[in-house]
Amino acid sequence: MNPDICESVAPSFQIDDKIHEVVTKQGMSHKNLALLLGKKESEVSKWMLGTYDFTTKTLASIERMLKAPITNVIH
């Protein structure tokens, strides 16, 4: 795969991995997360493919519902 493409999608995969980690630790499923967020389970499943372009609003909602940090911003 083209290194530029890998670099551009890496953050999305890291976010997906973190969401999956937190959901699993909390004993939840994608369906549970979808219900908490008022989303369809199919939408949450798409997020977990690693190619979803999250909005900051969506990420903030996920963090709020899971009561756990999902992203870290480094300055």
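A salt bridge is a side-chain nitrogen of Lys or Arg within 4 Å of a carboxyl oxygen of Asp or Glu. The model shown is predicted, with local features needing pLDDT of at least 70, side-chain atom pairs counted only at pLDDT 80 or more, and totals for chains, interfaces and linings using all residues. Residues are numbered from 1 along each chain as its sequence is written, and side-chain values use heavy atoms, with hydrogens and water left out.

**View A. Salt bridges in helix α1.** Two salt bridges are found in a search of the whole structure. Lys-25 pairs with Glu-21, the closest N and O atoms being 3.4 Å apart; the two residues lie four apart in helix α1, about one turn. Glu-21 also pairs with Lys-18, here with the closest N and O atoms 3.5 Å apart, and these residues are three apart in α1. Helices here are DSSP runs (H or I, at least four residues; strands are E, at least two), numbered from the N terminus. Lys-25 is exposed, at 67% relative accessible area, whereas Glu-21 is partly exposed at 35% and Lys-18 is partly exposed at 27%. Buried means under 20% relative accessible area, exposed over 50%, and partly exposed in between (1.4 Å probe, protein chains only).

**View B. Packing of α2 against α4.** Helix α2 (residues 30-37) and helix α4 (residues 56-66) pack at about 105°, their axes 10 Å apart. Axes are lines fitted to C-alpha atoms, for helices over the stretch in contact, and angles run from 0 to 180 degrees between N-to-C directions. The pair is therefore roughly perpendicular, a class that spans 65 to 115 degrees (under 35 is roughly parallel, over 145 roughly antiparallel, the rest oblique). Leu-33, Leu-36 and Leu-37 of α2 meet Ser-61, Ile-62, Met-65 and Leu-66 of α4, where contact means heavy atoms within 4.5 Å.

**View C. The largest nonpolar core.** This core has 17 residues, and those touching the most other members include Ile-19, Trp-47 and Phe-54. A nonpolar core is a set of buried Ala, Val, Leu, Ile, Met, Phe, Trp, Tyr and Cys residues joined through side-chain atoms within 4.5 Å. Helix α1 gives the largest share, four residues. Beyond its neighbours within four places in sequence, Ile-19 contacts Leu-33, Met-48, Phe-54, Ile-62 and Ile-70.

**View D. Lys-67, after α4.** Lys-67 is found in the segment after α4. Its phi is near 55°, a positive value in a residue other than glycine. Lys-67 is exposed, at 75% relative accessibility.
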